[in-house]
Amino acid sequence: MAFDLDMIKKVYDRYSTRIDAARKATGKSLTLTEKILYAHLSEGDAKTAFARGVDYVDFAPDRVAMQDATAQMALLQFMQAGRPQVAVPSTVHCDHLIQAKIGADQDLSTAKDINKEVYDFLSSVSDKYGIGFWKPGAGIIHQVVLENYAFPGGMMIGTDSHTPNAGGLGMVAIGVGGADACDVMAGLPWELKFPKLIGVHLTGKLSGWTSAKDVILKVAGILTVKGGTGAIVEYFGEGARSLSATGKGTICNMGAEIGATTSIFGYDEKAEDYLRGTKRGEIADAANAIKEHLTGDADVYANPEQYFDQVIEINLSELEPHVNGPFTPDLAWPISKFAAAVKENNWPVKLEVGLIGSCTNSSYEDITRAASIAQQAIDKNLKAKAEYTVTPGSELVRYTVERDGYLNTFEQIGGVVLANACGPCIGQWSRHTDDPTRKNSIITSFNRNFAKRQDGNPNTHAFVASPEIVTVFAIVGDLSFNPLTDTVTNEAGEQVKFDEPVGIEMPIKGYAVEDAGYQAPAEDGSAVEVKVDPKSSRLQLLEPFAAWEGTDITGLKLLIKAKGKCTTDHISMAGPWLKFRGHLDNISNNMLIGAINYFNNSPDSVKNELTGEYGPVPATQRDYKAHGIGSIVVGDENYGEGSSREHAAMEPRHLGVRAILVKSFARIHETNLKKQGMLGITFADTADYDKILEDDTIDIVGLTEFAPGKQLTVVLHHKDGSTESFPVNHTYNAQQIEWFKAGGALNIIRRQMN
Ligand code: SF4
């Protein structure tokens with residue numbers, strides 16, 4: 001499992017020269033984000049300054065991390081690239097496929113059984129190509145990365161939206177699709193639009209009930225789910241330095257909820273403590289030697305308005321605990337206003353389940369703070385009214401908190417300890433409820449709370465808060481309770497009040513683990529055989545997508561005009577479909593089944609223009625494909641927000657959709673579409689969305705002169721014989737246009753390897 005100290009030293013060795021070059025090229029002081037980005041240019045020293053939000057830049061990330069659901073497709077793609085070994089240190093983490101049903105041991109054993117074929121595939125591909133493999137039960141990707149691989153000033157990509165978690169240790173860590181991971185593992189540069197920069201100046205110090213989680217819940221309320229799009233959020237100030245490294249990880253993790261490319265904190269004493277605490281003192285020594293490069297320049301933080309595109313000020317001393325939700329993580333309620341909001345909106349006041357842990361909030365500090373509340377329930381003679389679950393983020397944390405008695409504390413209030421895995425956070429939750437049609441409330445310390453995210457039930461109102469706030473609500477079972485001011489009746493009929501939670505940043509006796517669950521790859525993997533059964537329903541070797549035909553695309557049917565929010569969960573639903581992540585044809589049967597059809601306000605019901613009948617989206621598209629007819633998907637704002645899964649781009653491509661036309665795209669999804677050779681375009685005038693009618697036949701004109709910055713034209717042929725057209729925008733650069741022409745980026749990689 002050892003981190004690659006030589007690689008880290010090589011990165012640090014070039015810092016000084018690269019940063020000097022960047023200062024010269026930009027003619028100014030640098031933020032931390034700029035230092036890391038300019039130190040990772042694939043071309044070497046910076047020659048020019050890049051325009052934020054405009055220039056596409058090639059980077060050379062230091063690491064790749066993949067979780068088991070997305071790794072399948074990333075590695076199936078990597079196998080097509082023809083390399084003997086991965087070009088940069090890479091890891092696979094088995095965390096997403098473990099269903100939470102009974103408790104850790106039984107659930108893990110069931111998962112190993114059910115997912116054997118997939119785990120064997122991932123283990124053997126990892127063994128063959130030099131990839132570190134974290135077995136099921138070892139932990140959740142982001143927690144394991146923070147504990148083992150994240151390092152200040154590094155740059156990594158991960159095939160999961162919450163990869164930015166590593167920003168807590170000062171790494172630029174970005175969530176990508178499997179196609180990007182495949183490029184980097186194949187040794188190719190990785191392209192990113194040079195991000196805008198949002199500075200968050202933290203003053204003061206957290207105290208009492210307020211925790212690091214509340215910082216990001218507050219930021220989400222300010223910036224909303226779109227506010228961070230195309231930007232890296234850099235936190236600085238005395239308040240930032242006062243936060244633990246794992247608390248910083250929580251904040252960076254949930255930066256994904258505001259659409260940020262990533263989030264980051266500078267290297268400081270807390271980062272050093274965490275590195276040493278997790279037995280990485282050599283990294284701390286190396287980082288100390290170049291410390292001045294691992295934070296922004298003093299001038300930047302003294303005059304942030306001059307250096308950031310937007311600056312937000314938060315005083316931690318005044319920050320209240322927050323509860324965000326339901327249904328969206330940016331609906332932010334300070335605890336003092338939450339009870340009134342629950343009442344006014346008629347949200348179910350009775351809490352049914354409280355869930356703590358996940359990759360977002362399962363540090364030693366989180367667990368000890370939550371346990372201090374659980375202990376009060378025991379001491380003050382309170383019984384937990386709601387169900388309560390605990391999901392440790394890694395075996396290292398689980399073993400350590402068990403050793404120190406905290407799991408026992410949770411079990412004493414009826415808590416169920418689940419496997420070190422995603423479980424309920426990603427819909428892998430076999431929730432038992434007497435009536436799924438009842439409106440109900442749950443609260444989690446996770447990050448996402450879109451409808452159906454946790455339990456697949458649209459009636460579930462999911463709220464997000466810190467682990468200690470979740471724990472207090474689980475004990476009281478009532479969302480109108482404010483632990484800062486209210487009392488509760490105990491089993492003896494007395495009124496009792498909770499004391500403020502107390503936590504310990506890192507274990508006094510140190511972290512411990514018996515078996516962390518790591519499998520090192522073979523020194524020479526050439527003899528390792530990777531098997532994929534052609535009859536498998538879960539894994540399927542890929543076939544290259546067809547190249548562009550060289551003409552305008554005409555005669556497209558409208559597959560669906562999606563209305564409102566259309567996240568990657570709507571496009572390629574998770575939950576039960578996770579098991580098909582490695583089988584493109586089978587998983588395509590979930591394509592867009594969650595999207596709402598603008599014309600009938602229903603999910604998974606669209607008009608088949610060949611029959612006039614309404615039917616499921618995938619079946620309708622398969623019919624078009626069988627008849628050799630292309631189609632187009634139309635969408636609303638921020639189409640594809642949510643996760644990095646490239647299946648949301650591959651499925652439409654596989655089933656013959658030719659273009660996605662939307663008001664705006666979420667960044668990762670737009671890139672994924674480009675990688676797969678799909679045409680992703682946006683309305684120049686968003687009002688043109690209204691011109692699209694259900695029975696239209698649609699052409700896309702201008703492709704023979706497809707060029708960066710040049711608009712294309714959409715022509716609508718209405719059923720009444722009339723025609724109208726309007727311009728559409730795209731963000732393809734010259735290289736991405738080549739991907740489109742070749743039918744996908746992978747087709748170009750393969751050509752280059754041969
Ligand atoms: Fe797993 Fe949830 Fe974290 Fe994603 S956000 S890695 S699903 S725990």
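Visitor: Before anything else, what counts as a cavity, and when does a molecule sit in one?

Guide: A cavity is a set of grid points, over the protein atoms alone, where a 1.4 Å probe fits but cannot get out. A molecule sits in a cavity if more than half of its atoms lie within 2 Å of the cavity's grid points. This is a predicted model, and its ligand sits in the second largest cavity.

Visitor: Which residues are around the ligand?

Guide: The residues around the ligand include the histidines His 96, His 142 and His 162, together with Asp 160.

Visitor: Let us step back to the whole chain. How many helices and strands are there?

Guide: The protein has 26 helices and 30 strands. Its radius of gyration is 25 Å, close to the 27 Å that the globule rule gives for 754 residues, so the protein is as compact as a globular protein of that length.

Visitor: What does the C-alpha trace span, and what share of the residues is buried?

Guide: The C-alpha trace spans about 75 × 60 × 55 Å along the principal axes. Of the 754 residues, 63% are buried.

Visitor: Turning to Leu 418: where is it, and is it buried or exposed?

Guide: Leu 418 lies in the loop between strand E16 (416–417) and strand E17 (440–444). Leu 418 counts as buried because its relative accessible area is 5%, and the limit for that class is under 20%. The C-alpha atom of Leu 418 is 4.8 Å from that of Gly 103, although the two residues are 315 apart along the chain.

Visitor: What about Thr 433?

Guide: Thr 433 is also found in the loop between E16 and E17. Thr 433 counts as partly exposed, with 32% relative accessibility. Between Thr 433 and Glu 352 the C-alpha distance is 9.3 Å, with 81 residues separating them in sequence.

Visitor: Where is Phe 236, and how far is its C-alpha atom from that of Ile 264?

Guide: Phe 236 is in strand E9 (residues 231–236). The C-alpha atoms of Phe 236 and Ile 264 are separated by 9.0 Å, and the residues are 28 apart along the chain. With a relative accessible area of 3%, Phe 236 is buried.

Visitor: Now the backbone. Which residues does a cis peptide bond join?

Guide: A cis peptide bond joins Gly 325 and Pro 326, with omega about 0°. Pro 326 is in the loop between strand E12 (322–324) and strand E13 (332–334).

Visitor: What is the phi of Phe 327?

Guide: Phe 327 is not a glycine, yet its phi is positive, at about 70°. Phe 327 is placed in the loop between E12 and E13. At 28% relative accessibility, Phe 327 is partly exposed.

Visitor: Which phi does Lys 279 have, and is that residue buried or exposed?

Guide: Phi of Lys 279 is near 60°, a positive value in a residue other than glycine. Lys 279 is in the loop between helix H11 (269–277) and helix H12 (281–289). Lys 279 counts as exposed because its relative accessibility is 60%, and the cut-off for that class is over 50%.

Notes
Residues are numbered from 1 along each chain as its sequence is written. This is a predicted model: local features need pLDDT of at least 70, side-chain atom pairs count only at pLDDT 80 or more; totals for chains, interfaces and linings use all residues. Side-chain values use heavy atoms; hydrogens and water are left out. A residue is near a molecule or strand if one of its heavy atoms lies within 4 Å of it. On a 1 Å grid over the protein atoms alone, a cavity is a set of points where a 1.4 Å probe fits but cannot get out, and a pocket is an open set with protein on both sides within 12 Å along at least five of seven lines; lining residues have an atom within 4 Å of a point. Helices (H or I, at least four residues) and strands (E, at least two) are DSSP runs, numbered from the N terminus. The radius of gyration is taken over C-alpha atoms; the globule rule is 2.2 Å times the number of residues to the power 0.38. Buried means under 20% relative accessible area, exposed over 50%, partly exposed in between (1.4 Å probe, protein chains only).
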